[in-house]
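Here are some notes on the model you sent over. Please keep the structure open while you read them.

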Amino acid sequence: MGLLSEGTPLSWEETKAYADHVRKHGIQQFLAQYHKLASRQKDILYWGDEVEYQLVKFDHKKKKTFVSLRGTEVLSRLREKGLEKPDTEASTSWHVEYAEYMVEGTPGAPYGGLIAHFNVVEANMALRYHFMFVEASIALRHYLNHIDAIASFRYLVNLVEANTALRRREIMAELEKDEVPLSQTVYPLLGVGEFTSPPAKPDPVNSVSRSLFFPDEAISQNHVRFKTLTRNIRHRRKEKVAINIPIFKDVNTPSPFVEDFSALGDDGSSAAAALPDHIYMDAMGFGMGNSCLQVTFQACNLSEARTLYDQLAGMCPIMLALSASSPIFRGYLSDIDTRWPVIAASVDDRTREERGLEPLKENKYRINKSRYDSIDSYISPLGTCYNDIDLTIDEELCKTLIDGGVEVLLARHIAHLFIRDPVSLFSERLDQDDDNDTDHFENIQSTNWQTMRFKPPPPKSNIGWRVEFRPMEAQFTDFENAAFTVFIVLLTRVILSYKLNLLIPISKVDENMKTAFKRDAVLNDKFYFRKDVVTDATPPECVQQCGSAACNKALSNQYELMTMNEIFQGKDEFPGLVPLINLYLQSIEVDVDTRCTITQYLKLISLRASGELETSAHWMRNFVMNHKLYRHDSVVPEGTAYDLLTRVAEISSGKISDPCHLFPHIMRSARHIPEALSNAEAYLEKKSRKTHSGSKLE
Ligand code: ADP
Ligand code: MG
Ligand code: MG
Ligand code: MG
Ligand code: MG
Ligand code: MG
């Protein structure tokens with residue numbers, strides 16, 4: 001979870017005094033790197049996923065579950081073992097996460113090294129408007145036949161699932177018999193009674209969060225940053241965070257639904273902050289203690305990174321809705337299916353002034369979103385016309401960036417991130433060498449937790465310009481996590497190769513975000529999507545008269561509301577994302593084995609989009625609603641959660657051979673996958689043998 005500097009954490013008052021210092025030097029640090037790296041070319045596609053796991057402990061006798069507070073211990077053992085192996089795509093890498101019951105796993109090294117990627121982009125320049133035609137496809141194929149790097153593409157695709165499976169096995173090896181690593185998004189009983197093992201009591205008077213429900217012990221003990229962030233966010237906001245999520249109103253749910261917190265030690269602030277008919281939560285842990293699935297890509301240069309950032313931005317709400325797996329919060333069925341609004345509110349450090357509840361006196365800006373939310377601006381030239389959200393920026397820093405040679409859209413993006421204060425700072429790291437350090441830049445950058453992240457190359461590394469896709473919810477199985485990851489990777493290839501344009505006004509992306517939170521959004525709702533993704537030209541009148549009525553009209557003709565199925569399978573002139581990916585796969589002549597794996601992944605995505613397969617959220621909600629202990633009052637009983645998580649554990653570890661509740665279609669055809677996986681594993685072994693013997697890899 002972002003930057004981890006060592007040292008003595010400063011209080012909020014101390015941090016605040018250095019806020020301008022951090023911002024000023026952060027911008028200098030960005031500029032120094034920018035000057036060194038802006039013209040860096042021909043980096044190749046590297047990419048990697050991050051899966052966050054939660055350690056869950058089962059008491060089978062009492063039919064109870066707990067989150068297991070052993071993350072620090074398990075992480076240090078995983079890392080120790082990792083030291084014995086070389087860092088490759090065949091190995092794993094382990095990272096600390098916000099909660100003490102979490103660990104994050106990534107491949108030991110990013111996947112990739114595909115020269116082919118760069119060539120594909122070049123080859124496709126010519127295909128700009130013609131990709132539908134057979135000739136173009138033949139031309140591309142002809143070109144690609146000469147590129148042997150394509151061969152390794154198959155291993156990479158199959159590797160993803162093999163590597164995620166390996167990660168799960170590695171954690172399991174460190175757990176006790178009654179513990180399981182779950183790649184679930186939200187632990188359903190988070191903050192309910194004694195929910196941790198060992199037990200820990202919330203302390204509303206002295207804890208860093210002041211939460212009635214979430215004890216400090218459940219925050220990672222690995223690094224002081226996490227508690228510091230929690231405390232400083234609360235101090236900056238001048239009150240506890242307040243998360244209010246609409247409750248799912250079942251037949252026996254009290255109306256209005258209002259909770260009494262006095263027995264938990266509420267001093268009245270929670271009662272005042274909690275809204276009727278809402279599930280109320282009051283700690284950073286309720287959001288940052290959730291898990292997600294993220295994918296980072298390296299672009300071949302700065303300009304491609306900006307393009308990818310923009311083109312993927314619109315996919316954030318779509319993929320959030322499709323990966324929805326959060327129907328339960330603090331032991332209640334909610335009326336939403338995703339974690340997003342919870343995590344956004346869980347780190348909302350804005351004061352009342354900044355939120356627009358009081359006139360501005362102490363603070364500089366009205367800020368319309370939490371530091372955890374969807375992006376507010378596009379950063380590639382094509383995005384100019386679609387930037388219709390009023391961007392709050394630090395004008396002075398923006399000028400510094402522009403004077404320093406940074407292109408306007410990128411400067412404005414950074415200046416927007418830099419309206420935030422640092423919320424964790426270490427006394428040993430105040431004075432830095434702006435030419436070679438980037439801690440101050442990363443401090444602000446890594447506490448802007450947005451749907452997309454634009455990642456500049458770290459200093460003194462051979463890493464290029466990267467873009468991170470951050471909205472997706474964690475899925476129960478390695479198969480699903482691999483499917484979502486590979487889908488997004490393939491989509492980036494399609495976008496770049498065919499020069500697609502998916503842009504819609506960014507305010508419409510925000511509207512889609514709100515739609516994506518909703519219960520069963522995939523089934524019931526429509527999302528704004530672009531009709532013609534092939535023609536990349538923005539209307540000419542737009543360039544002249546941005547914001548004019550003509551311009552707005554031209555833009556509004558470019559998109560319409562589509563169902564999830566239409567977005568993935570096509571509608572009218574829009575071919576659909578899955579057919580586009582299939583066209584791409586045909587043109588690069590993927591081998592049968594890889595094709596088989598990808599087909600399974602695309603099938604999962606397609607069936608989810610059409611509603612034939614349930615989202616995890618829908619499946620969990622149904623499980624609860626049909627459980628014998630559930631009393632139709634929105635409360636998820638302990639025994640229900642135990643049975644639910646038992647089932648999830650069986651599914652995710654592959655113990656259930658026919659989990660027909662969840663994946664009837666997929667499991668039937670998934671028989672082909674073991675073969676693909678064993679091939680990938682054979683490749684891994686060959687590769688790791690080669691690495692051990694020190695020879696260079698392809
Ligand atoms: P963060 O937590 O800041 O998002 P991580 O270090 O956890 O970043 O890495 C995110 C992902 O990026 C991992 O899967 C990692 O393998 C991958 N990655 C590392 N280096 C590169 C690179 N040069 N290009 C693309 N992805 C990379
Ligand atoms: Mg993480
Ligand atoms: Mg990470
Ligand atoms: Mg290692
Ligand atoms: Mg996280
Ligand atoms: Mg990440």
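1. Terms first. Helices (H or I, at least four residues) and strands (E, at least two) are DSSP runs, numbered from the N terminus. This is a predicted model: local features need pLDDT of at least 70, side-chain atom pairs count only at pLDDT 80 or more, and totals for chains, interfaces and linings use all residues. Residues are numbered from 1 along each chain as its sequence is written, chains are lettered from A and ligands numbered from 1 in the order in which they are written, and side-chain values use heavy atoms, with hydrogens and water left out.

2. Shell around ligand 1. Strand E1 (45–59), strand E4 (102–107), E10 and E16 each supply at least two residues of this shell. E1 gives the largest share, five residues. The shell has 16 residues, and Gly48, Asp49, Glu50, Gln298 and Lys455 come nearest. Here, near means that a heavy atom of the residue lies within 4 Å. By type, the shell around ligand 1 holds six nonpolar, four polar and six charged residues. Nonpolar covers Ala, Val, Leu, Ile, Met, Phe, Trp, Tyr, Cys and Pro; charged covers Asp, Glu, Lys and Arg; the others, Gly among them, are polar.

3. Contacts to ligand 1. A polar contact is a pair of N or O atoms within 3.5 Å; within protein, one must be able to donate a hydrogen and the other to accept it, and residues adjacent in sequence count only if both atoms are side-chain atoms. An N or O atom in the side chain of glutamine 298 is 2.8 Å from a nitrogen atom of ligand 1. For lysine 455, a polar side-chain atom lies 2.9 Å from an oxygen atom of ligand 1. Glutamate 468 has a side-chain N or O atom 3.0 Å from an oxygen atom of ligand 1. The protein buries 81% of the 570 Å² that ligand 1 exposes when taken alone. Accessible areas come from the Shrake-Rupley method with a 1.4 Å probe; for residues, only the protein chains shown count as cover.

4. Magnesium ion (ligand 6). Its protein donors are Glu50 (OE), Glu50 (OE), Gln294 (OE1) and Glu468 (OE), at 2.0 to 2.5 Å. Donors are N, O and S atoms within 2.8 Å of the metal (3.2 Å for Na, K and Ca); water is not among the atoms, so sites may look incomplete. Glutamine 294 in strand E10 (residues 293–298) and glutamate 468 in strand E16 (residues 466–469) are 174 residues apart, a pair that links distant parts of the chain. Both glutamine 294 and glutamate 468 are buried. Buried means under 20% relative accessible area, exposed over 50%, partly exposed in between (1.4 Å probe, protein chains only). The magnesium ion (ligand 2) is 5.1 Å from the magnesium ion (ligand 6).

5. Magnesium ion (ligand 4). Gly82 (O), Lys85 (O) and Asp87 (OD) are its protein donors, 2.2 to 2.6 Å away. Their spacing in sequence is G-x2-K-x1-D. Lysine 85 counts as partly exposed because its relative accessibility is 40%. Aspartate 87, at 56%, counts as exposed.

6. Helix H16 (residues 478–497) is mostly covered: 20 of its 20 residues are buried. Lysine 499 follows H16 and has a positive phi, near 50 degrees. In helix H23 (residues 592–610), 14 of 19 residues are buried.

How values were computed. The expected span of a helix is 1.5 Å times one less than its number of residues.
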